[in-house]
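Reader: I have a model open on my screen and would like to learn how to read it. Could you take me through some features, one at a time?

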Amino acid sequence: MIWGIGVFGIMLNRRNIIIILMSIELMLVGVNMNFVLYSVYLDDVMGEVFGIFILTVAAGESAVGLGILITYYRVRGWISMESIIQGL
């Protein structure tokens with residue numbers, strides 16, 4: 001369900017890069033919850049360990065994505081999805 005909300009957010013809003021990054025994070029959280037819930041249901045620890053790895057990757061992805069956006073803003077002075085898609 002949460003993964004679907006993330007996909008829906010990407011499909012509806014293709015102009016705001018911050019909302020696209022938040023939607024990607026929602027998708028990762030949805031997959032993470034799925035791993036943890038199935039881990040509890042199957043009484044196995046590997047799903048929870050994999051969930052911790054997913055949270056680590058999600059935190060790194062958001063930090064790198066925001067860093068790229070800040071650098072792009074400093075160079076260009078504005079951020080527009082159209083210019084990013086068309087090839088900088």
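Predicted model: local features only at pLDDT ≥ 70, side-chain atom pairs only at ≥ 80, totals over all residues.

Reader: Is D43 buried or exposed?

Author: D43 counts as exposed, at 74% relative accessibility. The scale calls a residue buried under 20% relative accessible area, exposed over 50%, and partly exposed in between (1.4 Å probe, protein chains only).

Reader: And what is the phi of D43?

Author: The general idea is that most residues other than glycine have a negative phi. In this model, D43 has a phi near 55°, a positive value in a residue other than glycine.

Reader: Now the helices. How do I describe two that pack together?

Author: Two packed helices are described by the angle between their axes and the distance between the axes. Axes are lines fitted to C-alpha atoms, for helices over the stretch in contact, and angles run from 0 to 180 degrees between N-to-C directions. Take helix 1 (residues 2-12) and helix 2 (residues 17-42): they pack at an angle of about 160°, with axes 7 Å apart. That makes helix 1 roughly antiparallel to helix 2; the cut-offs are under 35 degrees for roughly parallel, over 145 for roughly antiparallel, 65 to 115 for roughly perpendicular, and oblique for the rest.

Reader: Which residues of helix 1 and helix 2 meet?

Author: Contact means heavy atoms within 4.5 Å. From helix 1, the residues include W3, I5, G6, G9 and I10, and among their partners in helix 2 are I20, S23, I24, M27 and G30. By class, this contact of helix 1 with helix 2 has 11 nonpolar, four polar and no charged residues. For the classes, Ala, Val, Leu, Ile, Met, Phe, Trp, Tyr, Cys and Pro count as nonpolar, Asp, Glu, Lys and Arg as charged, and the others, Gly among them, as polar.

Reader: Could we zoom in on S23? What does S23 contact?

Author: S23 is in helix 2 and is buried, with a relative accessible area of 4%. Leaving aside neighbours within four places in sequence, S23 is in contact with G6, G9 and I10. I20, also found in helix 2, is buried at 14%. I20 and G9 are 11 residues apart in sequence and 7.0 Å apart in space, C-alpha to C-alpha.

Reader: Which residues does I20 touch?

Author: Not counting residues up to four places away, I20 touches I10, N13, R14 and M81. M81 belongs to helix 4 (residues 81-86) and is buried, with a relative accessible area of 10%. M81 and I17 are 64 residues apart in sequence, yet their C-alpha atoms are 6.6 Å apart in space.

Reader: At what angle do helix 2 and helix 3 cross?

Author: Their axes cross at roughly 175° and come within 8 Å. That makes helix 2 roughly antiparallel to helix 3. By class, the contact of helix 2 with helix 3 has 15 nonpolar, six polar and three charged residues.

Reader: How many residues does helix 3 have, and which of them are buried?

Author: Helix 3 (residues 46-76) has 31 residues and reaches 44 Å from its first C-alpha to its last, close to the 45 Å expected; the expected span is 1.5 Å times one less than the number of residues. Its buried residues are G47, G51, I54, A58, G65, L69 and Y72. An α-helix has 3.6 residues a turn, so residues three or four places apart point the same way. F50, also in helix 3, counts as partly exposed at 42% relative accessibility.

Key:
Residues numbered from 1 in each chain as written. Heavy atoms only, no water. Helix = DSSP H or I, 4+ residues; strand = E, 2+ residues; numbered from the N terminus.
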